[in-house]
Amino acid sequence: MRSPRRASVAICATSRKHRASLAAFGVGLLIMSGCAAKEPPVPTPVQGTTAGPAVSPSEPTATSTSSGQPTQRPPAKPQRTNVSVVMNGDLLWHNTLWYSAKEDAGRRRKGGYDFAPLLAGMKPVIASADLAICHEEVPLAPPGGPYRNYPQFSAPPQVVKAISATGYDLCTTASNHAVDQGFAGVKRTLDDLDRAKIAHSGTARTKAESERPTIFTTRQGVKIGIIAATFSLNGLPMPKGKPWAVHRMSASGLLSQAHRARAAGADIVLAAVHVGTEYSTSENSQQVKLARALTASPDVDLVYMHHPHVVQPWTTMNMKWVLYGVGNTVAQQEANNTYEGATGRFTFTRVGNGRFTVSKAEYIPTLVTFYRPGRPARLYQVSAALKTAKGSFRSRLLDAQRRTTGVVMRKHPKGLTRG
Ligand SMILES: [Zn+2]
C-alpha cells in the first residue's frame, strides 16, 4: 500500500509492498492480509535493552462495573511494534549481466533487457521485508545507451524495473563509481529511481536535496532514516560547482546526516557506508574507526558497509550491529568469493513508546552464478536453493554457505543466525 504519509522536511518514501511472501520467514506464523502490518515471529532479544513499557504492570487500571463497583482490570499489555529491514551489497552491472538480461528478454520473446529473472531468487526475502535496501553501485545510461562496462560504468536503465519488481524500496547510490558519468549520470540515476518510486540516499541533484534526510515510512508507520556515503570517487573529480552531489565519507558528515534524520522524526537510523579494502575478508582500520564513531552516537542504530566485493565479519559495538562487509549482490568478477554475498535481515522491535532495538539478526548467504551464453546468470538465496539442489550445484552452494558463514561469524557475534 502506498500511504500518503509525507514529512515536510524530509525525503519520505512509504511502503510500496502489496504482497509479501510467507516463504521468506520460513514459518507459518505470519498473518498478512492486504496492507495490515506484518508480524514477524516473536523475537528473542539478543542485545541492548528495550525501554520500559508504556503502562507499568505494577499499576493496574481501575475500572467500574455496571453496578458501580470498582474492579481491578489487568493492565494493558504494552504494544510491541516490529519492523524488518533487509539490506545487501553491490549491484555491479558488468557487461556480461547485460548479455544475460538480453538472453532473458529473448527467452520471453521481448526485446531489450530483462534483469528481473536474475534477481528473482531473492524476491521472497526482499519483497517480504518492511524495508529492503539495495546498493546501486553504478550510474545508469540514457535509454538506448551507450552502455559502458568497467572502469567507468553506465548501465542499462532497465535494471530499475528489476530492482522494483524484486521488491526493493530504496537504493543507496554513494559509491566509488557514482560520478563515472559525471553529474549527468548522478541525475539520470536518481530520476530513473524516482520514476520507479524507489527511494534513494547518498547522491543528490541539488544542494537542498543533499541536505534533506532520506526517511522511509514503513506500513506500520515507523520512520527509518537511511544515511549513506562513499570513501572514494576512484580519483574522479566531484562534478564542477556541485560539491554536494555525492556524500563523501567522514564520521562528522555521517553523524550530521544522522542527526538531521532524527530531527526529521526518524525512529531508526541506518548507516550504509561504501568503504573497505577490495577483496579483503577482513575489515581495515578505517572501517573500525568509522564504526566506533558512528555506533557511539545515539543517532545511529546500525552500520553496514559494502565495496570490498566479498563478505567481511559482522559484529556488535556499543550494543549495536556493525556489518563490515555484505559482499556483492550481483557482479561478474574473477574471484570465486565475489559471487557470494550476505544479505542482512534485522528485526527492530519497540515496546510501548520505547526505543527500537534489534530483536532478531540474520545473515542470509547468497550466490550469483557466472554467465555463459545460453546460461543466464541467477542470484540464489543459498539456504532456499539447497532444499532442491543436486550434484555440483549443490556443492557450489555448500561451498558458498561454508565460506560466507566462516567470515561473517569470525568474531562470534552473539545472536546472529543464518537465514
Ligand atoms: Zn565500490
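**Reading a predicted model: loops, a helix and a core**

Student: What is omega, approximately, for the cis peptide bond that joins Tyr150 and Pro151?

Tutor: Pro151 lies in the loop between strand 5 and helix 4. The bond joining Tyr150 and Pro151 is cis, and its omega is about 10 degrees.

Student: How far apart are the end C-alpha atoms of helix 7?

Tutor: Helix 7 covers residues 251–263, which is 13 residues.

Student: Which helix is included in what covers the buried residues of helix 7?

Tutor: The buried residues of helix 7 are Leu254, Gln257, Ala258, Arg260, Ala261 and Arg262. Their cover includes three strands, namely strand 8 (214–217), strand 9 (223–230) and strand 10 (268–274). The cover also includes helix 8 (285–295).

Student: Which residue with a positive phi follows helix 7?

Tutor: The phi in question is near 105 degrees. The residue that follows helix 7 with this positive value is Gly265.

Student: Is Tyr279 buried or partly exposed?

Tutor: Tyr279 is placed in the loop between strand 10 and helix 8, and its phi is positive, near 65 degrees, although the residue is not glycine. Burial requires 20 or more other C-beta atoms within 10 Å. Tyr279 has 13 such atoms, so it is partly exposed.

Student: How many other C-beta atoms lie within 10 Å of Asn318?

Tutor: Asn318 lies in the loop between strand 12 (311–317) and strand 13 (320–326). Its phi is near 50 degrees, a positive value in a residue other than glycine. Asn318 is partly exposed because the number of other C-beta atoms within 10 Å is 16.

Student: What separates the C-alpha atoms of Asn336 and Phe370, in Å?

Tutor: Asn336 is found in the loop between strand 14 (328–330) and strand 15 (340–351). With 13 C-beta neighbours inside 10 Å, Asn336 counts as partly exposed. Asn336 and Phe370 are 34 residues apart along the chain, yet their C-alpha atoms are separated by 9.5 Å.

Student: How far apart in space are Lys187 and Thr203, C-alpha to C-alpha?

Tutor: Lys187 belongs to helix 5 (residues 182–195), and it counts as partly exposed because it has 19 C-beta neighbours inside 10 Å. In sequence, Lys187 and Thr203 are 16 residues apart. In space, their C-alpha to C-alpha distance is 8.7 Å.

Student: Which residues touch the most other members of the largest nonpolar core?

Tutor: This core holds 107 residues. One of the residues asked for, Ile133, has contacts beyond its neighbours within four places in sequence, including Met87, Tyr168 and Ile226. The residues that touch the most other members are Val85, Ile133, Leu170, Ile224 and Ala271.

Student: What is the pLDDT over residues 18–66?

Tutor: Across the protein chain the pLDDT averages 88, and 83% of the residues score at least 70. Over residues 1–9, however, the pLDDT is below 50, although that stretch has 16 contacts in the model beyond near neighbours in sequence. Where pLDDT is low, the predicted coordinates should not be read in detail. Residues 18–66 have 88 contacts beyond near neighbours in sequence, but their pLDDT is below 50.

Note on methods
Residues numbered from 1 in each chain as written. Predicted model: local features only at pLDDT ≥ 70, side-chain atom pairs only at ≥ 80, totals over all residues. Helix = DSSP H or I, 4+ residues; strand = E, 2+ residues; numbered from the N terminus. Expected span 1.5 Å × (residues − 1). Buried ≥ 20, exposed ≤ 12 C-beta atoms within 10 Å, placed from the backbone. Contact = placed C-beta atoms within 7 Å. Core = buried A, V, L, I, M, F, W, Y, C linked by C-beta atoms within 7 Å. pLDDT = per-residue confidence, 0-100.
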